[in-house]
Amino acid sequence: MNEATMRYRTSPRVARRRTHALRKGITVGLIGAAIVMLWFFIVDLTAGEPLRTPALLGAALFDGARSEVVAPTARLVVGYTAVHLAGFVALGLGVAGLFALAEREKRVLALIFMLGCCLAVVFLAMVYLLAQWLGQAVTPAIFLAGHILGAAAMVGGLVYFHGRLLRRMPEALDGE
């Protein structure tokens, strides 16, 4: 084999590690998305309006609608659900990639912690802006509670996959 071919080939061990990181990222992302969707479904069902929240968010996302009254259509619900799933899976893949890097370099744990804090602030700003955009159609407390539950489920999945690594977080934050 020539040098160019050797440069792009990966060992079976590296390929296996990459596959595990992808699988973990997709799993963690789907867990978070499922918890949030289940929360919205329970809240909507309790209010007597199943699928109201994904329809409202889909109408805001796709049509720019600011109305509290939106009929849940397949286009809005399925479209928003696809975007929601894609967003959570992308987040899960990003976090899984960082954890895969942290397995080799422990100092990356400090970066993961800082990024988590930054994402929390960005998320709170997003909830505030969404509440301003939709008015009382989706209350911030319900939206925030659902995503806190989803984030907790994602952290639970990460603890399951990387518990030993996460126990070393205090060392990473101290710079050791």
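In which helix does H162 lie? H162 lies in helix α6, helices being DSSP runs of H or I with at least four residues, numbered from the N terminus. The model is predicted: local features need pLDDT of at least 70 and side-chain atom pairs count only at pLDDT 80 or more, while totals for chains, interfaces and linings use all residues. Residues are numbered from 1 along each chain as its sequence is written, and side-chain values use heavy atoms, without hydrogens and water.

View A. Beyond four places in sequence, H162 is in contact (heavy atoms within 4.5 Å) with K24, F99 and E103.

**View B. The largest nonpolar core.** This core has 30 residues, and L57, F99, L109 and F143 have the most contacts inside it. Such a core joins buried Ala, Val, Leu, Ile, Met, Phe, Trp, Tyr and Cys residues through side-chain atoms within 4.5 Å. At least two core residues come from each of α2 (12-46), α3 (52-63), α4 (74-104), α5 (108-134) and α6 (140-166). Residues up to four places away in sequence aside, F99 touches L109, I112, L158, H162, L165 and L166.

**View C. L30 in helix α2.** L30 is partly exposed, at 39% relative accessibility.

Note on methods:
Buried < 20%, exposed > 50% of the residue type's maximum accessible area, 1.4 Å probe, protein only.
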